[in-house]
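Okay, thanks for making time, everyone. Let me put my structure up on the screen, and then we'll talk charges.

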Amino acid sequence: MGTGRTRPCQHVEPEWTRPELGHLALKPAVIPLNLPRERSAARDEQRRGTNRGADETLPSEIQKSYQHLTAAHKILLWPYIYIHLLNSGIKAADDLQFVLQDGTPWFIQQELSKHPNVLPYDVKVPSFSLPGPRDSTVSPRVTFPSLSYEHMHRYTNHYFNAFNVLYPILDREQFVSETLPTVTKTGFGDGDYPSVIALLVFALGKAAELGTYGEPINVENGIASGIRGGSLENPPGIEIFNEARRRIGFVMSQCNLENVQINLLQAIYYEACSRHLVRSSTERYESRLRNAGLLEIVSDRVHGLSGSCQVVRRHPCQPLDWNSHRGDLVKRAFWSCNLIENWYHLDLDLPQTGICEHEDNVPLPTFVGPYNTVENLSDEQSHFQYHFLAIIALRRLITRIHHTIFDASNTTAETSDDYGGPPVHMIKELARQLESWRNLLPHALQWSDSGKYDFPPFGSNSRRPTEPLFAPDQGEVPINHKYNLDTVTAQLRTRFYYARFMIYRPFVYKALHFAELMTADDVECTVLCIESACCWPLAMAPTKNKKRLVPYLFAWTQNFLGILLILRMSTENPCLRQICEERVNRDEMETAAGLMLDWIRDIRQVDGIAEWSWKILEPLYDKFQTGS
């Protein structure tokens, strides 16, 4: 934590395969480059003078040479942006001294302060006991009259169509064939895994249903919030979730697959409620992410589970067969937790538990088992499986991107006044690898830059809708695509553009601080960076209108904050302004800024960091719009 310069876990060449797909080799991709207009010597001298003036007021802790920091909010400490905010007269800019001194922990404090109270625990589902044996060793079982079979079946469908496609930790057919009939016939007990898992699934299912079709929690200036269902303090499904967490203590003593699944389900619910942090039992705060809830706890358990799997696999009495159905569920749990931890580490600079050290020992899931096979699934049904494997490969590639740029940025600068950023040839190679990842995606996941808002191509016999899947606004009627297609697709494509943005971001820094050193290639890389930051599908409808279903919701605020600061500087800095005016579509930049501002304006109701960010962004953009 702290400096933001922790090296991400290193890994070998990314490789995402399915047995039926075979090995996918990386292929080169060509990135076109165009030469910019010639710069005048007078303009260069003017920019050098601007940079020299900013240097005079920089704190000693801030170096002018490029330092690659993965956490998005570190853009606040770029010298040009830092000085601009201090000189803006914005009151919240006074907090930059705390950002500089404390870093990530200060941001965590903002989130903790946003939710001083725990989720309500006195909301319950009425129940009555079922007749059974009087044996004191048998847990009494209850049933919930208001939780009928129709409700349970509906919530099950909503959970698997919304959340399990993003975090595929449960097997749908197994749940429907085993768990659901068990709790329907025998009720819910205090000490058995099926009861707890079922209640968590129902709570998440209700959150998914109302998070899509429920009433917005707020309407501001005629704009409905994208957070739907329940209220700020009473999220949808809380009464069912309370029944689950009342029983969790009875089943948490074992380190097994079901325990990890329970932790992950619990964490996903906390994220849907925007309860991202947990306050320690002492007076001090801990920066413990709950993946929205219990990230460190879950990671520790999966870490222990993955290590235990190596021991169990070698034990003659209890071998773990990775090719078995249970072995595949273990793989799904491991990779789900590994993704959660790594995204929060890369985006927020939160500490790692070491779970990534087991990546080489845990195979990728194959999504096969006794209940279904991939061959029996439609393209739409199997889409989430390909998506999950693609995200794993992309995360590995993004980790290597950060690691490569970090190393290059800390070895090329001879003094603190040198640029010190990565060389262009390295950036082009990273961009080639990223483009190769996209080119090697299964057909059902592929897209082009010109079609990044379109529906994915499902099979040769499927007719693709003519209207786009994503748009800045799609009206007031809630839209819910089957198998959460919009959110799944938005996550994959947005992470791709996030990766491309990160690859080229050093050149925006160079344009802001070393305009006199800019070359034709540098200008082209700057253009690609700005274009990659525009109109991310995740910030568009219909995804923006059901934020309770957005994965890693906590991390996107900081990413949007960093991009909005850069877009705003494109109207202030002479070098960056000229590049954007001559080479970038201004309408796309304005649309992107509007979407991200709307996102942070909305999410600040439940996110402490977004609330602070809005205190910076609202006056910053208001000054721009009013021309002051």
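So, which helix gives the largest share of the negative patch? It's α18, residues 586–603, and 3 residues of the patch come from there. Helices here are DSSP runs of H or I with at least four residues, strands are runs of E with at least two, and both are numbered from the N terminus.

Before I go on, the ground rules. This is a predicted model, so local features need pLDDT of at least 70 and side-chain atom pairs count only at pLDDT 80 or more, while totals for chains, interfaces and linings use all residues. Residues are numbered from 1 along each chain as its sequence is written, and side-chain values use heavy atoms, with hydrogens and water left out.

Back to the patch. The members are E531, D587, E588 and E590. To get into a patch, a residue needs over 30% relative accessible area and no salt bridge; like charges are then joined within 9 Å, and nonpolar side chains (Val, Leu, Ile, Met, Phe, Trp, Tyr) within 5 Å. Asp and Glu count as negative, Lys and Arg as positive, and His and the chain ends are not counted. A charge is placed at NZ of Lys, CZ of Arg, CG of Asp or CD of Glu. E531 sits in helix α15, residues 520–532. Its relative accessibility is 35%, so E531 counts as partly exposed. For the cut-offs: buried is under 20%, exposed is over 50%, and partly exposed is in between, with a 1.4 Å probe and protein chains only.

Zooming out, the chain has 19 helices and 4 strands. It runs to 628 residues, and 59% of them count as buried. Now contacts, meaning heavy atoms within 4.5 Å. Among those with a separation of 6 or more, 76% are between residues 24 or more positions apart.

Here's one example. D95 is in the loop between α2 (79–87) and α3 (96–102), and at 21% relative accessibility it counts as partly exposed. Leaving out residues up to four places away in sequence, D95 touches W106 and W612. W612 is 517 residues away along the chain, yet the two C-alpha atoms are separated by 9.5 Å.

How many does the structure hold? There are 29, where a bridge is a side-chain nitrogen of Lys or Arg within 4 Å of a carboxyl oxygen of Asp or Glu.

Take E239 and K206, with their closest N and O atoms 2.5 Å apart. E239 is in helix α8 (238–248) and K206 in helix α7 (193–213), so this pair ties together parts 33 residues apart in sequence. Both E239 and K206 are buried.

Next up is R438 with D449, at 2.9 Å between the closest N and O atoms. Here helix α13 (424–439), which holds R438, is tied to the loop between α13 and α14 (485–513), where D449 lies. R438 counts as buried at 5% relative accessibility, whereas D449 is partly exposed at 35%.

Then there's K546 and D486, 3.1 Å apart at the closest N and O atoms. Both K546 and D486 are buried.

Methods:
Accessible areas come from the Shrake-Rupley method with a 1.4 Å probe; for residues, only the protein chains shown count as cover.
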